[in-house]
Amino acid sequence: MRKKVTVVGAGNVGANCAVRIADKELADVVLVDVVEGVPQGKGLDLLQSGPVQGYDVNITGANDYEPTANSDIAIITAGFPRKPGMSRDDLLLANFEVVKTATTQVAKYSPNCIIIVVTNPLDAMAQAAFLVSKFSKNRVIGMAGVLDSARFRTFIAQELNVSVENVTGVVMGGHGDTMVPLVRLSNVAGIPLTELMDQATIDRIVDRTANGGAEIVKYLKTGSAYYAPSAAAVEMAESILKDKKKVLPCAAYLEGEYGINGLFVGVPVKLGARGIEKIYQIKLTEDETAKLQKSAASVQELVNVLATRM
Ligand code: APR
């Protein structure tokens with residue numbers, strides 16, 4: 001059976017997800033967007049790249065969800081990106097309505113799919129998708145940690161002039177400026193970061209990681225990042241579609257893990273055919289725990305606002 005992925009939102013992140021899924025020949029793709037013609041046009045354009053790129057997947061676009069029926073995965077990217085000066089949290093109410101509609105339709109046509117949420121503010125939008133879909137918690141996952149740790153790894157590799165392939169970077173917490181890059185668990189080919197850099201350099205990189213999205217928004221002016229976010233979402237989709245069981249930092253619904261209850265927060269998870277197959281609970285230091293709690297509290301604030309509108 002061919003695999004099928006629905007990508008809701010045919011904008012920058014969504015279209016790039018489709019490109020990457022096709023390039024990797026992971027699945028057929030259905031792009032859905034509210035703007036008439038855009039998902040159809042981008043879908044056809046991408047389909048016509050197949051003979052040149054050497055992929056053989058079907059890519060279509062639609063303004064309704066009927067063609068998405070029986071998808072294995074739905075990646076929700078629909079919504080508004082931020083502009084300079086905006087935080088991800090400023091998008092809360094507008095994007096909540098979008099994610100609510102998208103999730104309702106996705107769940108109706110693909111009741112057995114796994115949902116990957118990309119729309120910001122990420123953790124709160126994942127929570128909304130979880131509550132609206134009524135899916136089990138292993139089937140709703142937020143994309144944030146893969147992107148944040150990719151940024152962290154990039155900056156570490158740049159600083160040390162080493163291959164990024166050697167760099168492991170762990171980032172936990174919410175996808176906002178309270179995220180928690182875990183220096184203690186990050187390394188270069190097994191060598192702890194603290195052996196390779198002084199504290200001031202580490203602090204600078206941690207700060208740049210936490211503000212990595214804003215740095216790009218400032219350059220782009222009209223929107224936010226999309227190449228790395230789409231790469232991150234598709235890494236998660238690939239691990240699920242191929243049952244690779246990669247261990248990746250993702251936003252997951254926690255029920256007591258790390259002392260956090262009933263909330264989506266970024267933690268290391270195992271991603272396989274059943275979605276989140278395991279949540280890893282690692283021992284954190286007091287300082288790390290305090291930072292994670294602070295990050296969770298800022299997600300909770302947003303979720304409390306949404307709770308009044310569910
Ligand atoms: N249903 C489907 N698509 C929608 C809906 C909806 N209800 N509302 C908006 N869209 C579409 C828009 O028409 C647009 O094509 O979502 C797309 C968003 O694309 P962009 O504006 O290019 O934004 P993008 O950069 O892709 O970011 C999307 O991902 O990373 C996050 O913060 C980012 O929340 C933002 C989301």
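Reply: Begin with contact, which means heavy atoms within 4.5 Å. This is a predicted model, in which local features need pLDDT of at least 70 and side-chain atom pairs count only at pLDDT 80 or more, while totals for chains, interfaces and linings use all residues. Residues are numbered from 1 along each chain as its sequence is written, and side-chain values use heavy atoms, with hydrogens and water left out.

Me: Which residues does Pro121 touch, leaving out those up to four places away in sequence?

Reply: Pro121 touches Arg88, Asp89, Leu91, Leu92 and Leu302. Pro121 and Ser87 are 34 residues apart in sequence, with their C-alpha atoms 8.6 Å apart in space.

Me: Where in the chain is Pro121 placed, and is Pro121 buried or exposed?

Reply: Helices (H or I, at least four residues) and strands (E, at least two) are DSSP runs, numbered from the N terminus. Pro121 sits in the loop between β5 (114-117) and α5 (122-133). Buried means under 20% relative accessible area, exposed over 50%, and partly exposed in between (1.4 Å probe, protein chains only). Pro121 has a relative accessible area of 3%, so it is buried.

Me: How do I read a helix, say α2, by its buried residues?

Reply: Helix α2 covers residues 38-47, and its buried residues include Pro39, Gly43 and Leu46. These residues cover an arc of only 65 degrees around the axis, so they are on the same side of α2; the arc is that of the directions from the helix axis to the C-beta atoms. Among the elements that cover the buried residues of α2 are α1, β2 (28-32), α3 (50-53) and β3 (59-62).

Me: What domains does the protein chain have?

Reply: Domain bounds come from an automatic or database domain assignment. Here the assignment gives domain 1 (4-142) and domain 2 (145-307). Their C-alpha centres lie 21 Å apart, and 41 residues of domain 1 are in contact with 45 residues of domain 2.

Me: What is the volume of the largest pocket, and why does this pocket lie between the domains?

Reply: On a 1 Å grid over the protein atoms alone, a cavity is a set of points where a 1.4 Å probe fits but cannot get out, and a pocket is an open set with protein on both sides within 12 Å along at least five of seven lines; lining residues have an atom within 4 Å of a point. Grid points are joined across faces, edges and corners, and a volume is the space filled by probe spheres set on the points. The largest pocket has a volume of about 870 Å³. It is lined by 42 residues, and Thr77, Ala78, Gly79, Phe80 and Pro81 are the closest to its centre. Domain 1 and domain 2 both give residues to the lining, so the pocket lies between them. The largest share of the lining, four residues, comes from α4.

Me: Which residues line the largest cavity?

Reply: The largest cavity, with a volume of about 30 Å³, is lined by Ala144, Gly145, Asp148, Val171, Met172, Gly173, Gly174, His175 and Gly266. The elements that give two or more residues to this lining are α6 and β7 (167-172).

Me: Where is Val13 found, and what does Val13 touch?

Reply: Val13 is in helix α1 and, at 17% relative accessibility, counts as buried. Not counting residues up to four places away in sequence, Val13 touches Thr77, Val118, Ala225, Tyr226 and Ser230.
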